[in-house]
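Me: I'd like to go through this structure and ask what the labels rest on. Can you take me through it?

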Amino acid sequence: MVRFRKDLRPTLGAFAMSSGDSTFAVPRRGLLSRPCVPSTVELAGLAKYPFLQEASAFIRAEHVTLEELLSEPAYARARTIGRARVVESLEKGPDTKRVAIAPADQLSQLLAYPVARILVSALEDTYLTRRFALREAIAAESLLEQDSDDLVLHIAAQLAMDLRREDRGFRIHFSDFLRFTSTMRDTPWKLINQPVERGYVRLRREKALRVMRNAIQRHIEQGLPLPVNDDILAAFKADLEHIRRLLEAKKATFKAEDIGKVSITRFPPCMYNLLAQIQNHENVPHMGRFAIVAFLHHIGLGNEEIYRVFGDVPDFAADVTRYQIEHITGTSSPTEYTPPECSTMKSYGICPGPDRICLTIKHPLSYYRIKGRERRARGESASTAT
């Protein structure tokens, strides 16, 4: 059994929700006792949507400690499911079944969520965090398709989303619509193409759930990673090593391909990572797209060459992409934007981790210039190291 040092003993509540929670100091009661638990969502619902506030309240009422969750045989099933969810986030296959019938299975499904958050937090990898949040959000969207409108509205309220019931669908305030569809560039998702009345966008149920998926993903992603101590790392050592190997193998498939006259071998890790994700059809966040466009422009690529890089990204919209490229490069705007500094890249979670050159510079363009000088010193001509 894992023994936490008293001064490093963490609480499970911090891993059960995006925000911290109180310490579980009182003795445990029965696994399914329910005092002081909000009755809005039952255990079956919490098992499906473990990111809800009531999920943390339920765990708090059960007095399940983090030490118990990590070590006791009674929670082995929860640990197995939690590990499987993290592994699934790195794979393309279908999710394992998340609808549990027996109360004991429902509890395991619920507790698997903080286990998964612990594993993701311990690995501190931006790509894994984003993939985990996306996989959880897609699973929630699928489950909501079969659930009631009342539950949809309840979850939306916890996501700070102004969503209301409408005849044969929902309506959402236009500001929330814009906020949660900012990465969706297809023409059908443009605000100008939506029916808007008195500041609210009317949506069919399936479209409302698609917007909620984005909100859930953002909610989960913003809550990670959380700090973990050495005791947690020791308890999950084998699991973390297994997931880290899978993660490294997944990233190894992301090989950026040449895109013209620039040398990708001189790209800083952040830009190489962004380019590889785009070429592998991964959904790159808005700041990542802005950064790579500005970077490619400043190292010598023309607008048309940059445009071809984005031809296969998810939610690709040709007209929007062209407009944004021309705006960022100064073609259609008075400002020629430069890529964000390294500190900004880190704050947005785009920096995958520094290498030896990163530790000496403050801007991605400096990396490209330094790498160019190193290559010329080894015999590369100036014409090929622009």
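**Where two helices meet**

Reply: Let's start with a contact: Ala55, Phe58 and Ile59 in α3 meet Leu107, Leu110, Leu111 and Pro114 in α6. Contact means heavy atoms within 4.5 Å. Keep in mind that this is a predicted model, where local features need pLDDT of at least 70 and side-chain atom pairs count only at pLDDT 80 or more, while totals for chains, interfaces and linings use all residues. Residues are numbered from 1 along each chain as its sequence is written, and side-chain values use heavy atoms, with hydrogens and water left out.

Me: How do the axes of α3 and α6 cross?

Reply: They come within 11 Å and cross at roughly 105 degrees. The axes are lines fitted to C-alpha atoms, for helices over the stretch in contact, with angles from 0 to 180 degrees between N-to-C directions. Under 35 degrees counts as roughly parallel, over 145 as roughly antiparallel, 65 to 115 as roughly perpendicular and the rest as oblique. So α3 is roughly perpendicular to α6.

Me: What makes α3 (53-62) "mostly covered"?

Reply: Eight of its 10 residues are buried, among them Glu54, Phe58 and Glu62. Buried means under 20% relative accessible area, exposed over 50%, and partly exposed in between (1.4 Å probe, protein chains only). Just after α3, His63 takes a positive phi of about 60 degrees.

Me: And what is α8 packed against?

Reply: The buried residues of α8 pack against α3, α7 (126-144), β1 (163-166), β2 (169-173) and α10 (205-222). Helix α8 spans residues 149-158, with seven of its 10 residues buried, including Leu151, His154 and Gln158. The helix and strand labels are DSSP runs (helices H or I, at least four residues; strands E, at least two), numbered from the N terminus.

Me: Why is Gln109 called buried?

Reply: Its relative accessibility is 7%, so Gln109 falls within the buried class. This residue lies in helix α6, and a polar contact of 2.5 Å joins the side chains of Gln109 and Arg85. A polar contact is a pair of N or O atoms within 3.5 Å; within protein, one must be able to donate a hydrogen and the other to accept it, and residues adjacent in sequence count only if both atoms are side-chain atoms.

Me: Why is Cys270 in no disulfide?

Reply: The structure holds zero disulfides. A disulfide needs two cysteine sulfur atoms within 2.5 Å, and the closest cysteine sulfur to that of Cys270, in Cys342, is 6.3 Å away, so it is too far for a bond. For Cys342, the nearest cysteine sulfur is that of Cys358, 6.3 Å away. Cys270 counts as buried at 8% relative accessibility, and Cys342 is buried too, at 19%.

Me: Which residues does Ile328 contact beyond its neighbours within four places in sequence?

Reply: Phe290, Val293, Ala294, Thr335, Glu336 and Tyr337. Ile328 sits in helix α16 (residues 318-328) and has a relative accessible area of 7%, so Ile328 is buried. Ile328 and Val293 are 35 residues apart in sequence and 7.3 Å apart in space, C-alpha to C-alpha.
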